[in-house]
Amino acid sequence: MQKKYFFKNKLIKKFKQSITFISIIRNLRINYNISNKKKIKLLILSENKKKLFYSLILKLGNLCSLHVFKKKPKKKYYSLIFETKEYFIPKLLKSNKLEQKKKYL
């Protein structure tokens, strides 16, 4: 007799959304020349408690931390919108320009 397996469609959908979001973070890193070796923090602008797989996003996006805020941050951040939430990653251009100069020297 075969076992029947039931899948939770909501869970699978959240996983697919998380994977899509990770690819958005990776594309942002490429576009703004942020090294994958450098751990960055992610800020989430949301009042909604609905979560993706944040632990998976932290690991595969190479993030050092993830914070949820109710107001937009005052510092300079790269902004990205995914579904109904706005996310922010700090601008690290100064450090990346220094790294690039070191490569050429």
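1. Surface. In this predicted model, the chain exposes about 8700 Å². Carbon and sulfur atoms supply 57% of that area. Of the 105 residues in the chain, 32% are buried.

2. Layout. The chain has three helices and four strands, and their order along the sequence is α-β-α-β-β-β-α. Among contacts with a separation of 6 or more, 66% link residues 24 or more positions apart.

3. Helix α1. This helix covers residues 9-31, 23 residues in total. From its first C-alpha to its last it reaches 33 Å, close to the 33 Å expected at 1.5 Å a residue. Just after α1, asparagine 33 has a positive phi of about 55 degrees.

4. The buried residues of α1. Gln17, Ser18, Phe21, Ile22, Ile25, Leu28 and Arg29 are buried in this helix. An α-helix has 3.6 residues a turn, so residues three or four places apart point the same way. The cover over the buried residues of α1 includes helix α2 (54-60) and the strands β1 (40-45), β2 (63-69), β3 (77-82) and β4 (85-90).

5. Serine 65. This residue lies in strand β2. Is serine 65 buried or exposed? Its relative accessible area is 18%, and buried means under 20%, so serine 65 counts as buried.

6. Surroundings of serine 65. Leaving aside neighbours within four places in sequence, serine 65 is in contact with Ile40, Lys41, Leu42 and Leu58. Its side chain also makes a polar contact, at 3.2 Å, with the side chain of histidine 67.

Definitions and conventions:
Residues are numbered from 1 along each chain as its sequence is written. This is a predicted model: local features need pLDDT of at least 70, side-chain atom pairs count only at pLDDT 80 or more; totals for chains, interfaces and linings use all residues. Side-chain values use heavy atoms; hydrogens and water are left out. Helices (H or I, at least four residues) and strands (E, at least two) are DSSP runs, numbered from the N terminus. Buried means under 20% relative accessible area, exposed over 50%, partly exposed in between (1.4 Å probe, protein chains only). Contact means heavy atoms within 4.5 Å. Accessible areas come from the Shrake-Rupley method with a 1.4 Å probe; for residues, only the protein chains shown count as cover. The expected span of a helix is 1.5 Å times one less than its number of residues. A polar contact is a pair of N or O atoms within 3.5 Å; within protein, one must be able to donate a hydrogen and the other to accept it, and residues adjacent in sequence count only if both atoms are side-chain atoms.
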